[in-house]
Amino acid sequence: MGLRAPPLDDVHAAAEASFTDFGGWEMPVEFDSIRTEHAAVRETAGKFDVSHMGEIVVSGPDATGLMQRLTTNDATDLRPGQAHYAAITREDGVMLDDTVVYRLPEAVEGAYLFIPNAGHDEQMATRWREYAAEHGLDASVDNRTTEYGLIALQGPDAPSLLADETTLSLDELGRFEIATATVAGVETLVATTGYTGEAGYELVVPWDETGTVWEALACQPCGLGARDTLRLEMGFLLSGQDFDPDDDPRNPYEAGIGFVVDLDTEFVGRDALEGVDVEGPAEKLTGLSLIDRGVPRAGYDVTTPDGDHLGTVTSGTMSPTLGEPIALAYLDADEIEPGRMVRVVVRGEPKKARIRTTPFLDR
């Protein structure tokens, strides 16, 4: 079975982007260079085609109840036009995915839009439908991943760039909100969410009109390479790398997102997570900065200076902004102390590193 292609596939090919397989999608990894694209987002603005992310619309009388039972955050807290971050967990509390949940504006068909990670859209749509059927909930679940394109516009200049192309008063949108607007003449959902730590927007656009909006945003096109270095500087999770229900099962407390778990609500995995909340996780995801030369990569061991095993790197890179190697790693929770010296074993060589809190950048 071939890779899925985003709506801007031909546009990216014409721009001579390099491509990679990501979650079953053929996505641009870089257009110019990761460093150039990364710097654009930190200093001016960059645009990302993130149409590989899923779009699932949930509606009907029991839509709120369904969202409440299948995500860890409190769906009843969301008013129309608001959004929040949440985890999707199994009965044992292991994360299947992380997601942003939008309570759609009242003018839009449907009650909720949530965004599964790449390649998870049909899995999550099926999970929602089966749960609704099993528990007699009156809700419809529509997988609209191939109906919408998704563009992320990120960076300090993003507000002024978008203001030139939209009818929306951007000053009226707070963080983690969503509204309807036209962008470059195209009916669009504009959300103040993002994955880089910078000011910015995510634009949900009809699939066939994604190119119109993309071309109207006059800034640096960016691929998944820069998206990865940007998110890592902020300590943000990458599904399938910093947690994986099969290869590296983790719960939200281990993954450092316990703040999205509302134990006052009833959801799948709640009882297991209450136990973790009381006892504390055995391991936690934490930041590392390398002092010695070398780039940490997923799977590298983290040890004490004496060589005793402490944990494993899940994500690592050379930070373009900081000019130093950084990483995320799961370490024994009892051994985590910011500033503590450890070693990261890079190609068989123990490299000096320091435990630190995330984000690596103050944004």
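Let me begin with helix H8, which covers residues 270–279 and whose buried residues are Arg270, Leu273 and Val276. If we look down the axis of H8, these buried residues fall within an arc of 115°, so they line one face of the helix. Please keep in mind throughout that this is a predicted model.

Which exposed residues, then, sit on the face of H8 turned away from its buried side? They are Asp271, Val278 and Glu279. On the buried side, what covers the residues of H8 includes strand E5, residues 83–89. After the helix comes Gly280, and its phi is positive, near 85°.

Now I would like to turn to strand E7, residues 112–115, where Tyr112 and Phe114 lie on one side and Leu113 and Ile115 on the other. In a regular strand, side chains alternate between the two faces of the sheet. What we find in E7 is that both faces are covered, with all four of these residues buried.

E7 also has its pairing partners. With strand E4, residues 56–59, E7 pairs in the antiparallel sense over 3 bridges, and there Val58 has Tyr112 as its bridge partner in E7. With strand E6, residues 95–103, E7 again pairs in the antiparallel sense, over 4 bridges, and here Arg103 is the residue that stands opposite Tyr112.

Next come the nonpolar cores. The largest of them holds 24 residues, of which Leu162, Val190, Leu203 and Val213 touch the most other members. Several elements each supply at least two residues of this core, namely strand E9 (148–154), helix H5 (158–163), strand E10 (178–183), strand E11 (186–191), strand E12 (200–206) and helix H6 (210–216).

Finally, let me show you the second largest pocket, which has a volume of about 160 Å³. It is lined by 13 residues, and the closest to its centre are Val108, Tyr148, Glu187, Thr188 and Leu189. The elements that give two or more residues to this lining are E11 and E12, and the largest share, 3 residues, comes from E11.

Key:
Residues numbered from 1 in each chain as written. Predicted model: local features only at pLDDT ≥ 70, side-chain atom pairs only at ≥ 80, totals over all residues. Heavy atoms only, no water. Buried < 20%, exposed > 50% of the residue type's maximum accessible area, 1.4 Å probe, protein only. Arc of directions from axis to C-beta. Contact = heavy atoms within 4.5 Å. Pairing = 2+ DSSP bridges. Core = buried A, V, L, I, M, F, W, Y, C linked by side-chain atoms within 4.5 Å. 1 Å grid on protein atoms, 1.4 Å probe; cavity = no way out; pocket = protein on both sides within 12 Å on 5 of 7 lines; lining within 4 Å. Points joined across faces, edges and corners; volume = space filled by probe spheres on them.
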